[in-house]
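Colleague: I would like to go through a model with you, one feature at a time. Please give the general idea where there is one, then the case at hand.

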Amino acid sequence: MSHNDQLYTVTQLGAELGITVRTLHFYEAQGLISPRRAGTTRVYSQRDRARMILILRGKRLGFSIKEIKEYLELYDIDPSHGQQTKALLKAAQNRIHKLEEQRHALEQTLTELRSIELQCEEALEKMGHPSPPALNTKPKTGQAKKAAAKPIGRSP
């Protein structure tokens, strides 16, 4: 049996790809893979394995099931893979654009939250209340200098 003829049980393929049997069944139900049957046992081909690798990569990159399905269908339709490559390029560009927008929104939110955090710390300091310890371990600009200037207990 050549490498291309290799068949996998659901357990074998799941173990090889680091996913659960349930995950494989889910993608089968979505029509993204279609294992053969040997009696009542699902048997996955090398093609199913390759498709699962593409599916998992697509999910890791944030593509929807619908987008992944369209991409995989183009692979079957176009032997030259030109349409598939164009579709992948467009999908990647769209995903990059969405992620850039999310990063911008996240940066704005972090800036605003850091401002609120600083205002709260200053207000607590004026009231004579100690600030609770910060959740992150990375000091903010100027924070390390303030911490170094404050005594940590009594000096001899």
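Colleague: In which helix does tyrosine 75 lie?

Modeller: This is a predicted model. Tyrosine 75 lies in helix α4.

Colleague: Is tyrosine 75 buried, partly exposed or exposed?

Modeller: Tyrosine 75 has a relative accessible area of 42%, so it is partly exposed.

Colleague: Which residues does tyrosine 75 touch, not counting residues up to four places away in sequence?

Modeller: With those set aside, tyrosine 75 touches His81 and Gln84. Tyrosine 75 and threonine 85 are ten residues apart in sequence, and their C-alpha atoms are 9.0 Å apart in space.

Colleague: Where does glutamine 84 lie, and is it buried or exposed?

Modeller: Glutamine 84 lies in helix α5. Glutamine 84 is buried, with a relative accessible area of 4%. Leaving aside neighbours within four places in sequence, glutamine 84 is in contact with Tyr71, Leu74, Tyr75 and Asp78.

Colleague: What does α5 look like as a whole, in residues and in reach from its first C-alpha to its last?

Modeller: Helix α5 covers residues 82–127, which is 46 residues. From first C-alpha to last, α5 reaches 67 Å, close to the 68 Å expected at 1.5 Å a residue. Gln84, Ala91 and Glu121 are buried in α5. Glycine 128 follows α5, and its phi is positive, near 85°.

Colleague: Which residues does arginine 95 touch, not counting residues up to four places away in sequence?

Modeller: Arginine 95, which also lies in helix α5, touches Leu61, Gly62 and Phe63 on that count. Arginine 95 and phenylalanine 63 are 32 residues apart in sequence and 7.6 Å apart in space, C-alpha to C-alpha.

Colleague: Let us step back to the whole chain. How many helices and strands are there in the protein chain?

Modeller: The protein chain has six helices and two strands. Along the sequence, their pattern is α-α-β-β-α-α-α-α. Of the 156 residues in the protein chain, 20% are buried. The protein chain exposes about 12,100 Å², and carbon and sulfur atoms supply 57% of that area. Among contacts with a separation of 6 or more, 47% are between residues 24 or more positions apart.

Colleague: Now the core. How many residues does the largest nonpolar core have?

Modeller: The general idea is that in soluble globular proteins, nonpolar side chains tend to be buried together. Here the largest nonpolar core has 18 residues, and those with the most contacts inside it are Leu24, Tyr27, Leu32, Ile33, Tyr44, Met52 and Ile55. The elements that give two or more residues to this core are α1 (10–17), α2 (21–29), α3 (46–60) and α4 (65–77). With four residues, α4 gives the most.

Colleague: Which residues does leucine 24 touch, not counting residues up to four places away in sequence?

Modeller: Leucine 24 touches Val10, Leu13, Gly14, Ile19, Ile33, Tyr44 and Met52.

Colleague: Which residues are buried in α2?

Modeller: First the geometry: an α-helix has 3.6 residues a turn, so residues three or four places apart point the same way. In α2, the buried residues are Leu24, Tyr27 and Glu28. They cover an arc of only 105° around the axis, so they are on the same side of α2. The face of α2 turned away from this buried side carries the exposed residues Arg22 and Ala29. The buried residues of α2 pack against α1, β1 (36–38), β2 (41–43), α3 and α4. Glycine 31 follows α2 and has a positive phi, near 85°.

Colleague: What covers the buried residues of α3?

Modeller: The buried residues of α3 are Gln46, Asp48, Arg51, Met52, Ile55 and Gly58. Their cover includes α1, α2, β2 and α4. As for its span, α3 has 15 residues and reaches 21 Å from first C-alpha to last, close to the 21 Å expected at 1.5 Å a residue.

Colleague: One last feature. How many aromatic pairs does a search of the whole structure find?

Modeller: A pair of aromatic rings is described by the distance of the centres and the angle of the planes. A search of the whole structure finds one aromatic pair. The rings of phenylalanine 26 and tyrosine 27 have centres 5.1 Å apart and planes at 75°, so the pair is edge-to-face. Phenylalanine 26 is partly exposed, with a relative accessible area of 38%, whereas tyrosine 27 is buried, at 7%.

Technical notes. Residues numbered from 1 in each chain as written. Predicted model: local features only at pLDDT ≥ 70, side-chain atom pairs only at ≥ 80, totals over all residues. Heavy atoms only, no water. Core = buried A, V, L, I, M, F, W, Y, C linked by side-chain atoms within 4.5 Å. Buried < 20%, exposed > 50% of the residue type's maximum accessible area, 1.4 Å probe, protein only. Contact = heavy atoms within 4.5 Å. Phe/Tyr/Trp six-rings, centres within 6.5 Å; stacked < 30°, edge-to-face > 60°. Expected span 1.5 Å × (residues − 1). Areas by Shrake-Rupley, 256 points an atom, 1.4 Å probe, with all protein chains shown as cover. Arc of directions from axis to C-beta.
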